[in-house]
Amino acid sequence: MNNLEFYDKFADRHIGPNQNDVMKMLSAIGVSSLDELINKTVPQSIRLKEELTLDPTMTEHEFINELRKVAAKNKAFKNYIGLGYYPTITPGVIQRNILENPGWYTQYTPYQAEISQGRLEALLNFQTMIIDLTGMPIANASLLDEGTAAAEAMTMLHSLRKSAKKNSNVFWVSEQVLPQTIDVLITRSEPLGIKIKVGNHNNLELTDDVYGMLVQYPSADGEVFDYTDLFKQADAKGIYKAVAADLLSLALLTPPGEFGADVVVGSTQRFGVPMGFGGPHAAYFATKDEYKRQIPGRIIGVSIDAQGKRALRMALQTREQHIKREHATSNICTSQVLLAIMAGMYAVYHGPKGIKAIAERIHNLTVILDQALKSIGISQSNENYFDTLKIELNSAQEAKKIKAEALSNGINFRYIGEKEIGISIAEPDTTEDVAVILKVFSKALNKNFDQQKISKILGGADVEYPENLKRKSNFLTHPVFNSYYAETEMLRYIKGLERKDLSLTTSMIPLGSCTMKLNASTEMFGISWPEFASLHPFAPIDQAEGYTQIFRELEIDLAKITGFDSVSLQPNSGAQGEYTGLLVIRAYHHAYGDKQRNVVLIPSSAHGTNPASAVMAGSKVVIVKCDENGNIDVNDLKAKAEEHKENLSALMVTYPSTHGVFEEAIIDICKIIHDNGGLVYMDGANMNAQVGLTSPALIGADVCHLNLHKTFAIPHGGGGPGVGPIAVAKHLTPFLPGHSIVKTGGEQAIHAVASAPWGSASVLIISYAYIKMMGAKGLTLATKAAILNANYIKARLEKFYPVVYTGKNNFVAHELIFDCRQFKATSGIEVEDISKRLMDYGFHAPTVSFPVHGTIMVEPTESESKYELDRLCDALISIKKEIEEIEKGNLGKEDNPLKNSPHTVEHVVNDAWTHAYTRETAAFPTEQTRENKFWPSVGRINNAYGDRNLVCSCLPVSEYAEETA
């Protein structure tokens, strides 16, 4: 009766099984307690000797109150800094129904296209928007940020060099490219032997060693240059041309595709996506049609389903880096789907007239500001500009006075050198804001102005671009960009797409190696608070004390959890974390004079991004065998480590293994590498089975990356954002990545791996919230529950589907692989048939044919209840019985519920039902599906048709008319 503690514990809400269910599950597994299961699963040699300790646990209510105090430490100044980041207005219908909607943000990457048609259409809209605005024939479905997109252009064009240019290794970059982009280009070029030359395009000599070039449009300082003649000179010398373009400016300016660009890259941040102190934002990548098979990332394409209906899918999927492995040219494994969808919907919401009006308004305000400043004797140097003025002052003293006055008025400008100031105007700005800027300058410099004259200037301006810079072509002509002006229609369009997609709001998503756990609502609140959303990443750091507190505490917590010394939050995807970890190892070896150390050992079971990242980091990949139990072959590892002793750089190892087991020999494996002069990089993809029980440092690793979008509860967003920070031992701390504009990283920092200093800063709040509310005990219990859930599924299903790999005591870690290869010989059923049939039961398929072909890998996470686990198990058991009916001859090998799955409502109600099984079997295989049915919107998609007839933008209206007819 005297208990004064809050009843609600967040961990109890986050973890699915309750105490009664846990006891039933343990009984089914055959152990007496959860501790017994953990002791028999996790090797004693790597168990933590002391419990994990973190700050005291908060309830959800306590955390939100605390977060408001932290947010209040941020100062939301008016930002005119520019440099690729701009204040924007997120339409309420997009913020409320996409950004803040779990029906969108808890979706997975659309590998299972039949239950992903909504986001695939939204991404096709995004691609069409990019194609139209850039004037290029093809675009991908987003990349991580503008710097990464530029680096991907550099490497793609390098791989495309023709025979006459095979020895050319210089990528020329304009000095007017964004400084953070140049920083990332330097990072990405050096390990690959590409030389970056930075210079002025006005006096550029195109030498034979140059294979490609990159210019900024408009330039970093705001000038709009005409690159037509430069690009003609480049063409004559066989040099590829890339343009980093402000997408919104292309509503007014000649698109790069019309003046000869081979690749166009940039950010879509100002299309309704908040700055968020640097991210996440969706970058874009557009190029010529003949380069479509070399495009990094993903492309959404149009195909047909089994009934001939239009259907969307990820096209050209053989380009995925897990296929190319050590032959990869990119390690891009994810994109920024949620942010790309927001940007695409911004174009749907505003349409071509709205986008052009926003661009014109920004430009007109900039012209007004230019004229107003000139009226008081202040000049700027840009002849043609879109949104940015470059103010030239008489002295550094004048610049200091203006800065002081601006800060006192809550304003940030960009300060270039000692006596130049950049001012970039954005969508939310008004004539009142221009008047305030004018007053700042006049007061700081003691300038008098004629109020009547200024009022006339503020009344408006109408300045046309020269003909050679003016856009004349139409854009966003497709009906999707011209049909949803009324919010009612826009809302219904968004909800209609959402209903086509299976997310965690529908059912569990049991994807192995993906950790689709709960993304709790309380964790998500902070990302759209203006105190976090409106900060510019290059604002003075004393305006971001709330963010810096979050970064500092999150780094400390992640260091404790991993057992390491330091953390970098900059990498903005898991694959970027891999790459960063390898670059830090490379920098360490180089610092000690071991530049020859470039061999990276990788087990054959590793995720395909591992060898891809190693190649990008300038390494030679040597594959290590796995034994019949799925473990690393220690003898083969030792032999290869000793063979390459003089050149050994690192081992990349996933723990627990990609096969879902804790390898008993992991400490010995790490020692072999260290004894031969190498370091150990641990892939943190499976960290959800380690937290609180063991740690990367304890097993012997030197560096690991963490997938915050897996272990630490950031949602997958349908394929991004992801965050992949790295944690390192003390000897690697000096090499953590820096940044060209904001001080980050170690004393011997490598160059930046992302455009923003702290990568996708705004979503770090989610992991921060997760750790604070779970606490050390909650995090440890979550790990135990994840292992419990996986072993419960094993206990229920192993009689029906053989388990491919288990640990020493016949248990699995947090995920497990079921064998489906045996069914092909007896029934003609393949693993894809099982994955598609699960859709009829209302489930997303587990991971298919990875890491073992013909298998499914299941990861339930700790967040799923026994009820939901039983639903999945019941579905898979029912499917096994359907396979048995085929084996007995009661169902045909070609005409059966599996081969014809998934079944759409159109298919089931069609008068011409010709199948030997009933409509009820097709559509309602369980009682639960009668009560709460998720209908796939298309039947099984014809992938081959989509690749033969590649269409990667919205189809013309005639196609829709034919479909309706």
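Me: Let's start with Asp874: does it count as buried, partly exposed or exposed, and at what relative accessibility?
Reply: Asp874 counts as partly exposed, at 39% relative accessibility, where buried means under 20% relative accessible area, exposed means over 50%, and partly exposed lies in between, using a 1.4 Å probe and protein chains only. Please keep in mind that this is a predicted model, in which local features need pLDDT of at least 70 and side-chain atom pairs count only at pLDDT 80 or more, while totals for chains, interfaces and linings use all residues. Residues are numbered from 1 along each chain as its sequence is written, and side-chain values use heavy atoms, with hydrogens and water left out.

Me: And which side chain does Asp874 meet in a salt bridge?
Reply: Asp874 meets the side chain of Arg796, with 2.9 Å from N to O; a salt bridge here is a side-chain nitrogen of Lys or Arg within 4 Å of a carboxyl oxygen of Asp or Glu. Arg796 lies in helix 25 (residues 764-797) and Asp874 in helix 28 (residues 866-887), so the pair ties together parts that are 78 residues apart in sequence. Helices are DSSP runs of H or I with at least four residues, numbered from the N terminus.

Me: How many salt bridges does the count come to?
Reply: By this rule the count comes to 47. Another one of them joins Arg930 to Glu927, with the closest N and O atoms 3.8 Å apart, and both of these residues lie in helix 31 (residues 927-931), about one turn of the helix from each other.

Me: Switching topic, how many disulfides does the structure hold?
Reply: It holds zero disulfides, a disulfide being a pair of cysteine sulfur atoms within 2.5 Å.

Me: Last one: which residues touch the most other members of the largest nonpolar core?
Reply: Of its 256 residues, those are Met129, Met345, Phe413, Ile423, Phe441, Leu601 and Ile834. A nonpolar core is a set of buried Ala, Val, Leu, Ile, Met, Phe, Trp, Tyr and Cys residues joined through side-chain atoms within 4.5 Å. Helix 12 (residues 337-375) gives the largest share of this core, 21 residues.

Definitions and conventions:
Helices (H or I, at least four residues) and strands (E, at least two) are DSSP runs, numbered from the N terminus.
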